[in-house]
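User: Hello! I would like to learn how to read a structure like this one. Could you walk me through a few features?

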Amino acid sequence: MREQTYPHTSPGVCPRRGTSAALARTALEQHCLEVVAPVVLVTGPFGTERAALLTQGATRAQARLEVIATGEVPGRLLTRRLQILQELGVQEAARRLIDGRAGGSETAPGTGEHHLLIDQADLLDEDSAEVIDAVIRSHQVGVLMTAAGPSAIARRLARVLNGPRGLHLELATLTLEETRTLLAQMLEEPPTAALARYLHTCSGGVPEDLALLARHGTAQGWIGTVDSRSVVVRPPQWMDRRAADGDLARLREAFGAHAAQALRAVALRGEVPVDEAMASDLLREAIFPLEEAGLLTITRTGVAISRPAHQHSLVMARQPVAEPPRTPAGTLHAWSLGEPVDPADARAAAWDLLERGLFDQAQFLLQGLPDDDVDRVHLQACCEIAVGAPRRALRLLRSVAPGSDPTTIGLLAFIDIVLLRDVEAGERRLADLAAAARTHPDLDDLLRALTHLQVHAAGGVTPLPPPETLSFEEGPHPGAAASALPVTRERTPEGRLDRTGKSGPDLARLGRVLLKTLEVCRAAHQDPPDSTSGVTALSGVPFREVPIVAANWVACVLGASRLMLAPEEDVLPEDWFEGEPEGRVLLRTTGTELLHMLQDLLCGEPLDDLRNLLEDIWAQFDGGLPQGPVRRALLEALDHAVEGGRAEELLGPPGYVPPRTQGFYDSPWRQALISVGCLLDAVGLGDAEHLLRALHAVPQDRPHRRVVLRCLILRGLDALPVETLDPLIRQAREAGVEEEVVDLLVARLDGAAHRVQAAVAALEGRGGRFRVASVARRPVRPLSDITGLTAAGRDRMALLSAREREVTAQAVQGLSLAEIADALRVSQRTVQSHVRNTYRKLGVGSRTELRAQLFEEGDRR
C-alpha cells in the first residue's frame, strides 16, 4: 500500500487512514497526551503489530496500561469473551475495569492516567461489548483497542471515535522500501533487491511475518551474506514443520480453532471456488472476517490464502487433517505425515509443485518411487534444468533408454540446443526428435523451434519463423504441418500424447512457447524493427503458462528483444507476469534485474544509480541463486560498460576485435556491452582517433549497433570530441537511432550551448526514459606494474593474467581483500578467486611466500 502523509492530529480529528506504524505512533502519543480518557481503535491486517503500537504509545504518554485478557468462546466462530465475565456480571465487570481491579490482568508499571488495552476487540461477544461500552461511557479511563478490520466495530463506536476523545488509526502494510529498511535492521546488512522483493511478497508486507521469515531464512541457510549485503543463497525449502506448527498456533490463538481449520481447508485446496465456499458450513461465515484480517483473498474465481508464508505453514503443519483433498497441497500434507499416497497422485502433485518453483517439495513427494522410475528421473532432471544445472540433468536423462521415450528425447534436445548450445550434439538430438515426431505429433512445434535455434547456433542463415497465432489450448496446433523438418507420421491410437491424467513436462506447450519467443526475436531483428508484432507476441503469452524449464531463458530472450524493439517501454510488462507464483519469480530475478539495468544503462540513467544496481546484482550473483542464462562474462562486460577500465582477459589484447557471436541473449549482448565500454573509455580519454577506431568494432547487425550508438550519444554527449560528431551522426542515422537522439549530436556540432540545452530539454521533456547522463567513469588502467621485482619475479608475474597481476600488485602492498575489491570495483569473492588462482600458479600458500618469490632471489619457502 502507498504510504500516506499524516496530518497534525488534534482531539476530534480522525487522521487519514492507511499509514505506517511510525507515523501512527506519533499521532497516538500526541492524542494520549492531550486527551483525557481517550478512545483509540487501531485496525490493520493480522501481523501488523497493532497491540505493540498501543503499548509503546501508552508508555511514551506515561499512562498506566492494563491489558485485559480475553478467551475463545467454545463452539462460537471468531468470537472472544472477556475473562472477567467468567465470575462477574456486566455491570460489576465494568466497575472492576474502571477501578483498575480486573482480576488476572497484567498491569504495566508506571504512573499517570489509567488505560485499558483490549486486543481483537472486533471479535468480542455481546456481553463483552456491553462491558466496554460502559467503560467508555464512564469517561474515567482510556480504552485502547485493536481490530483486524474497521467495518463492524467502527460502526458500533462511530460516535465516540469521531468525537473529541476518539482516534481511529488504520495501519498499512509495509511498502517495498520500508521492507528493505526493516530487513537491513534485522539482518544487519542491507538486502539485495531480490531478497527484499521475495520476502515482501511472501509476507504480504506485514512486519510480524517479515520478521519470522527473516529469522527462519537465516537459521535455515537460504539467506546469507555476500559483500556486506544480505542475499538469497538458494530457494527456500518451505518444509520446516516446527516453524509451520508455530505459525498455525499463532493463527489459532488469534482467531480460534474453527477459523484455523477453515484456513487449512483453503490452503489444502489451493483455491476454493466462491460458490463452493459459500455452500460450506466450515467456510461460509469465516471467509469475510478472515479476508478483512488480511488472511484470505476473494476473487471472481475463488478464495485463496493471501500470504504465501501462511500457505506453506498451513500445509506443512504436523497436526493431521482428516481426509486431505487429492490436490498437490493435500497430497504433500498427507505424505509429510507418513500417510500412504497413491503414486499417480504423488507424480501429479510433484509436477505441479515443480512448475510453481517448489523443487524441494516436489522431490520430497517422489522419495517413495523407485530410483529407476521414469517420471522420477524426468522430474529430477527438470528440477536441475530450472535451477540452472543442465549438465546434471543430462547425466540423469542418459540413465533412461531414449529409444522409446519421447519425453527424454525432447528434454535432451532442449538442453543441448537451447541451454548448452552444443552444435554437434544438437544435430544428433534433432535427428532423434524428428524420428519421435513421426508418431508423436505433439512434438511438432518443439521440433520446429529447436531446428531454427540449432541452425542459428551453427552459424547458418535461416529465417526466423513467420508471425503466426499460437495459443495455449490443448490439441494439435493448426500450423503443426509446416514443421521445419519434414516428417512422415504414423497415425496410431497411441500416437498422440494424451495429457489427460498424466504427469510430466508438457513438450507441446514448450514448443509453442519457444516458437512464440522466436517470433519476438524475428520482430526485433527486422529492419526496421516490427515493434507491433513484437509487443503482440509478448503480451499474448502469460508467463505463468511458460514451462519452468524454459522460463528463465524465455524471459531473458524476450526482454532483450523487447529492449531492442522498444527501449523506452517496460522491458518485461508487469501484466505479463500476473498470477506468477513467488517461487518462479525468485528463479528469474537475476535475469530480470540485469535486463532492467541494461535498460537504465542504455537509456542514460545516472551513473551512481547504475553502480548501486550493479553491486546489488553482483552480490546476488555471487550468492549462488539460480541465474538462468546469465553468465559471469556478461556481468563483467556490464561492469566494464558502467565503470570502464576492465582487464585484458575481458577485452582481448590491444587492437583485438571480437568475432561476431551467435546466440539469442548472452553473447551478442556481451559483445554490445564491451563495445559500449570501449567507446566510453575513448570518450573519457578524449582520444578521437581511438573513438573512431572503436566505432568500427561495434556489432554490425543493425539492432545491436543502434543500441550501442544510442547509448554512446546519451552517455557521452558533452565529452565527445568535435571531430567525431559528423561521422557519428551519419552512422547513427544509418543504424536507425531515434531522430530526437541524433538531434543532440547535431546541436553539439552547431557549437551553440543553448541549442544543446534545448535539444536535451526536448528529449527529456517528452515523457520517455531517455536521459543525457554524465560519462564520468573510472579511468582506464594500464596493466599493473610492480616495481622492484627480481628477474625471477618478473618471470613468475608473466604466468598471471592481467587481472591476477592487478590483484597481486595490491595484495603485496598489504591491502585487504575488501580494500582490493573496492579499488577494482569487483566483489570480494572475485578477488578471492584471483588470489587462489595466483597462489596455485605460483605454488605459494600465503602473502609472505608471494612476496619472497617476487622480490627476493631464489625460492624461499
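This is a predicted model: local features need pLDDT of at least 70, side-chain atom pairs count only at pLDDT 80 or more; totals for chains, interfaces and linings use all residues.

User: Which residue does the side chain of E208 meet in a salt bridge?

Analyst: Here is the general idea first. Side chains of opposite charge can pair when their charged atoms come close. In this case the partner is R250, at 2.6 Å from N to O. The pair links distant parts of the chain, with R250 in helix 10 and E208 in helix 9, 42 residues apart. R250 itself is buried, at a relative accessible area of 17%. Both belong to a network of salt bridges that links E208, D209, D247, R250 and R307.

User: How many salt bridges does the structure hold?

Analyst: There are 39. Another one joins R229 and E615, whose closest N and O atoms are 3.2 Å apart. R229 lies in strand 10 and E615 in helix 28, so this pair ties together parts 386 residues apart in sequence.

User: Now for helices: at what angle do the axes of helix 38 and helix 39 cross?

Analyst: Again, the idea first. Two packed helices are described by the angle between their axes and the distance between the axes. Here the axes come within 10 Å and cross at roughly 130°, which makes helix 38 oblique to helix 39. The crossing is right-handed.

User: Which residues meet there?

Analyst: R803, E806, V807, Q810 and A811 in helix 38 meet I820, A823 and L824 in helix 39. By class, that contact has five nonpolar, one polar and two charged residues.

Methods:
Residues are numbered from 1 along each chain as its sequence is written. Side-chain values use heavy atoms; hydrogens and water are left out. Axes are lines fitted to C-alpha atoms, for helices over the stretch in contact, and angles run from 0 to 180 degrees between N-to-C directions. Helices (H or I, at least four residues) and strands (E, at least two) are DSSP runs, numbered from the N terminus. Angles under 35 degrees count as roughly parallel, over 145 as roughly antiparallel, 65 to 115 as roughly perpendicular and the rest as oblique. A crossing is left-handed if the near helix is turned anticlockwise from the far one by less than a right angle, and right-handed if clockwise. Contact means heavy atoms within 4.5 Å. Ala, Val, Leu, Ile, Met, Phe, Trp, Tyr, Cys and Pro count as nonpolar, Asp, Glu, Lys and Arg as charged, and the others, Gly among them, as polar. A salt bridge is a side-chain nitrogen of Lys or Arg within 4 Å of a carboxyl oxygen of Asp or Glu. Buried means under 20% relative accessible area, exposed over 50%, partly exposed in between (1.4 Å probe, protein chains only).
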